[in-house]
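Here's a quick briefing on a protein structure, put together for someone new to reading them. Have a look at the sequence and the 3D view, then work through the points below.

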Amino acid sequence: MSHYSIKHIEEYWQIYRKSVRNPEAFWEEIAEEHFLWRKKWDNVLSWDFKKPEVKWFEGAQLNITENCIDRHIYTRGNKTAILFEPNNPNEPAEHITYKKLHERVCRMANVLKSKGIKKGDRVCIYLPMIPELAVAVLACARIGAIHSVVFAGFSSTALATRINDSECKLVITSDGSYRGPKTIDLKGIVDDALETCPCVEKVLVVKRIQSEIQMKEGRDEWLQPLLNEAYSDCVPEIMNAEDPLFILYTSGSTGKPKGMVHTTGGYMVYTAYTFKNIFQYREEDVYWCTADIGWITGHSYIVYGPLANGATTVMFEGVPSYPDYGRFWDIVQKHKVNQFYTAPTAIRALAKEGVEILEKYDLSSIKLLGTVGEPINEEAWHWYDDNIGKRKSPIVDTWWQTETGGVMISPIPYVTPTKPTYATLPFPGIQPALMNELGEEIKGNQVEGRLCIKFPWPSIARTIWGDHNRYKDTYFSAFENMYFTGDGALRDEVGYYRITGRVDDVIIVSGHNLGTAPIEDAINEHPAVAESAIVGYPHDIKGNALFGYVILKDTGESRNHDNLRKEINQIITEQIGPIAKLDQIQFTSDLPKTRSGKIMRRILRKIASNDISNLGDTSTLLNPEVVEKIIDQVIVKA
Ligand code: WTA
């Protein structure tokens, strides 16, 4: 027996020890018993973190959509696979059964083929949270095309960068999207992006908001008529376990976004196994993850993990505040949601609305709550536990990353006793290590350090698209023979982990990772700006907010600072997207720098956080006097 579903804490420890003693045997057993392979592997694992190179289930052949769709048709063909809840609460929800999903994915796959898409080609998907998004993802996987989903909140410049980096041949988008009471002109954004994307040959357009849009002759086509004509079955492409499944971009602290590459076999095994255990999914359950498929959480825990387990997975098009802040709870009640998985920023925003609104809804279907994306503060944890879970539904605080593909540290509900703000214990197969600044592992409990992982797991990203050196530098160079996460963590007296946050220049705002350098680059494009530095500071709802220190070129000129602030945020919106807009902008004449010319962000962070009691050592600064000046400007103003 491979203990596919863990039931007791003793069993967890037993399985965990087994997974560390003999990882190959551990994962082989799971892979063998719970998935459909066209050919078994020759070798379970080969790895070398120095190169770095990791291969799981080498030589095996499969198609992930056979695992996520075809094999369920015989046993649960009429079960809802995807439960689509539209933006407008008066529009009926759509139940897409496994049978119907099969047909829709096959049709879409055949359309892609008819447009010349072959195994290994990259397809960019820029869609709102409508069923076609999940269908397009799976259709790519069906034919071995590599999908690159770009979150539909990114700007045209950000979209173009991502399309060009992976040289996508085709883009799937829609005429527009609904966002609460508003509509967004997605097709217009795609048109702007494609001005600078010579690699794109075709654009397929889903009709969603019925808006008037421009269709470029020879390039753009409406998708629906093509789907209607396409054949409803499509033989799956047989993939090698190590063939790329998708690319997903994530922000780095410097430079352009990193196209993380995930491969087929290991990703499938890990997302399916973690989904089953972390959400304790049972056959009749309705599971809802509120993330967008534009992020890794949506890839792994809306699409692949749930579908590989034959689950019913909810896809919600809208926002938590429309038509009012009761919307999430309305959906929970309406669809009798059993597992509810969201982000701390959403929990804080909902908590702010008070508990009266909750009284209108029956939340008794909820058995389990989840959180992901950033550290959850104690207050939000208790609010969630008291008011949504009614103190009877365990909270799984799941720590993981785009790069890790699946959840790495998390309680297993009903098994691991939870502790507020702690992600608790590593998942079987995951070997965390805390490192000190000298590069040594800190053993024992009640310690704090940089979080690394010592041993590969099946869904670790294999590379950064087109830049293996950057992959090595970013994740495998800080500590020898270790994958470095970029996060800090502490381990308590019983060995539970608490993630304390990023230790690099990535700032998590409302659960979105933002690198400081790309935002600074955008600001510096403003003709009046000489230099800038971005730091994060604590924010009640977003977790972190962005504070920008901006040096203007011509300080003599009296420009209207409010207009400049608007212009700077406008540039950021154009280059990256509205999620990266600054909450506060302080114009200043200088920035604190070290003798080697590096901006001392630690000090700027403290000032932005209004925490100047202990600024630490400023003697190494080239210009210590600017610190006082900036404090005067910022603190007086506040
Ligand atoms: C942070 C999201 C604390 C962390 C799946 C990580 C968390 C980054 C948690 C990855 C958590 C994610 N507790 N911090 N439960 N989950 N993080 O790539 O800093 O969008 O490195 O993946 O989010 O964000 P990403």
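**Cysteines and a helix pair**

With a relative accessibility of 1%, Cys68 counts as buried, because the cut-off for that label is under 20%. Keep in mind that this is a predicted model.

**Cysteines**

- How many disulfides does the count come to? It comes to 0 disulfides.
- For Cys68, the closest cysteine sulfur belongs to Cys106, and at 13 Å it's too far for a bond; a disulfide needs the two sulfur atoms within 2.5 Å.
- Cys199 isn't in a disulfide either: the nearest cysteine sulfur, in Cys197, sits 5.5 Å away.
- Cys199 has 19% relative accessibility, so it counts as buried.

**Helices H15 and H16**

- To describe two packed helices, you give the angle between their axes and the distance between the axes.
- Here, H15 covers residues 516–524 and H16 covers residues 561–575. They pack at an angle of about 125 degrees, and their axes are 9 Å apart.
- Is the crossing of H15 and H16 left-handed or right-handed? It's right-handed.
- On the H15 side, the contact is made by Ile519, Ala522 and Ile523. H16 brings in Ile568, Ile571, Ile572 and Gln575.
- Sort the residues in this contact of H15 with H16 by class and you get 6 nonpolar, 1 polar and no charged ones.

Methods: Residues numbered from 1 in each chain as written. Predicted model: local features only at pLDDT ≥ 70, side-chain atom pairs only at ≥ 80, totals over all residues. Heavy atoms only, no water. Axes fitted to C-alpha atoms, helices over the stretch in contact; angles between N-to-C directions. Helix = DSSP H or I, 4+ residues; strand = E, 2+ residues; numbered from the N terminus. Left-handed = near helix turned anticlockwise from the far one by under 90°. Contact = heavy atoms within 4.5 Å. Nonpolar A, V, L, I, M, F, W, Y, C, P; charged D, E, K, R; others polar. Buried < 20%, exposed > 50% of the residue type's maximum accessible area, 1.4 Å probe, protein only.
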